[in-house]
Amino acid sequence: MEELQDAIEDAQYVNAISTQEDGPRPVLAWDIPTEDQLEAWKEKVERKNKNAYSLEWTLSSAIGLFLFSAFLKETQNDHLRINLCEEVIRWKKLRGRQRVDKAKRIIATYLKPQTSSSLTPKTEIDE
């Protein structure tokens, strides 16, 4: 019976999305801060952390790394170096045999010298 209820809820959700003209909407409306509210928030963050808004501060959060990565890939067309960084971050989270296998793939993909005929930029990550 629970599966039937889940299927009904899924169908209702898909129907709600497909009937929206410009896509799904968040459940709760997000208030867009005024300039004064934004400035007050920035000052509050800077008081808590003197290194706020530095590159290190931005990259210390998952969303900051994601946004920086997307920015580099889109504006600088630099997929290779940021993909290496992303792979190393994933590697740090692994344990045991998975870690060894991932390290071998990283070395083979990014660190081994390649001949000019096989030198093609890696733009996608093999999972």
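Student: How many helices and how many strands are there in the protein chain?

Tutor: This is a predicted model, in which local features need pLDDT of at least 70, side-chain atom pairs count only at pLDDT 80 or more, and totals for chains, interfaces and linings use all residues. Residues are numbered from 1 along each chain as its sequence is written, and side-chain values use heavy atoms, with hydrogens and water left out. Helices (H or I, at least four residues) and strands (E, at least two) are DSSP runs, numbered from the N terminus, and from that terminus on the elements run α-α-α-α-α-α. The count is therefore six helices and zero strands.

Student: What percentage of the 127 residues in the protein chain is buried?

Tutor: A residue is called buried under 20% relative accessible area, exposed over 50%, and partly exposed in between, with a 1.4 Å probe and protein chains only. Of the 127 residues in the protein chain, the buried ones make up 13%.

Student: How many salt bridges does the structure hold?

Tutor: Side chains of opposite charge can pair when their charged atoms come close. A salt bridge here is a side-chain nitrogen of Lys or Arg within 4 Å of a carboxyl oxygen of Asp or Glu. Under that rule, the number of salt bridges in the structure is three.

Student: In the salt bridge that Lys-73 forms, does Glu-86 count as buried or exposed?

Tutor: The closest N and O atoms of Lys-73 and Glu-86 are 3.3 Å apart. This pair links distant parts of the chain, with Lys-73 in helix α4 (residues 62-76) and Glu-86 in helix α5 (residues 79-93), 13 residues apart. Lys-73 is partly exposed because its relative accessible area is 21%, whereas Glu-86, at 13% relative accessibility, counts as buried.

Student: Which residue has a side chain that meets Glu-87 in a salt bridge?

Tutor: The N to O distance in this salt bridge of Glu-87 and Lys-102 is 2.7 Å. The pair again links distant parts of the chain, 15 residues apart, since Glu-87 lies in helix α5 and its partner in helix α6 (residues 96-111).

Student: Is Arg-97 buried or exposed?

Tutor: Arg-97 forms a salt bridge with Asp-101, and their closest N and O atoms are 3.6 Å apart. Both residues lie in helix α6, four residues apart, which is about one turn of the helix. Asp-101 counts as partly exposed at 29% relative accessibility, while Arg-97, because its relative accessible area is 56%, is exposed.

Student: Which residues gather in a patch of positive charge on the surface?

Tutor: Patches are made of residues with over 30% relative accessible area and no salt bridge, joining like charges within 9 Å and nonpolar side chains (Val, Leu, Ile, Met, Phe, Trp, Tyr) within 5 Å. Lys and Arg count as positive and Asp and Glu as negative, without His and the chain ends, and each charge is placed at NZ of Lys, CZ of Arg, CG of Asp or CD of Glu. One member, Arg-47, is found in helix α2 (residues 35-48) and counts as exposed at 61% relative accessibility. The positive patch consists of Lys-44, Arg-47, Lys-48 and Lys-50.

Student: Which residues form a negative surface patch?

Tutor: Glu-2 belongs to this patch and has its place in helix α1 (residues 2-18). Glu-2 is exposed because its relative accessible area is 64%. The patch is formed by Glu-2, Glu-3, Asp-6, Glu-9 and Asp-10.

Student: How much accessible area do Met-1, Leu-4 and Ile-8 have together?

Tutor: Met-1 is placed in the segment before α1 and is exposed, with a relative accessible area of 83%. With Leu-4 and Ile-8, Met-1 forms a nonpolar patch on the surface, and their accessible area together is about 360 Å².

Student: Leaving aside its neighbours within four places in sequence, which residues is Ala-52 in contact with?

Tutor: Ala-52 lies in the loop between α2 and α3 and is buried because its relative accessible area is 13%. Contact means heavy atoms within 4.5 Å. Leaving aside neighbours within four places in sequence, the contacts of Ala-52 are Val-45, Glu-46 and Trp-57.

Notes
Areas by Shrake-Rupley, 256 points an atom, 1.4 Å probe, with all protein chains shown as cover.
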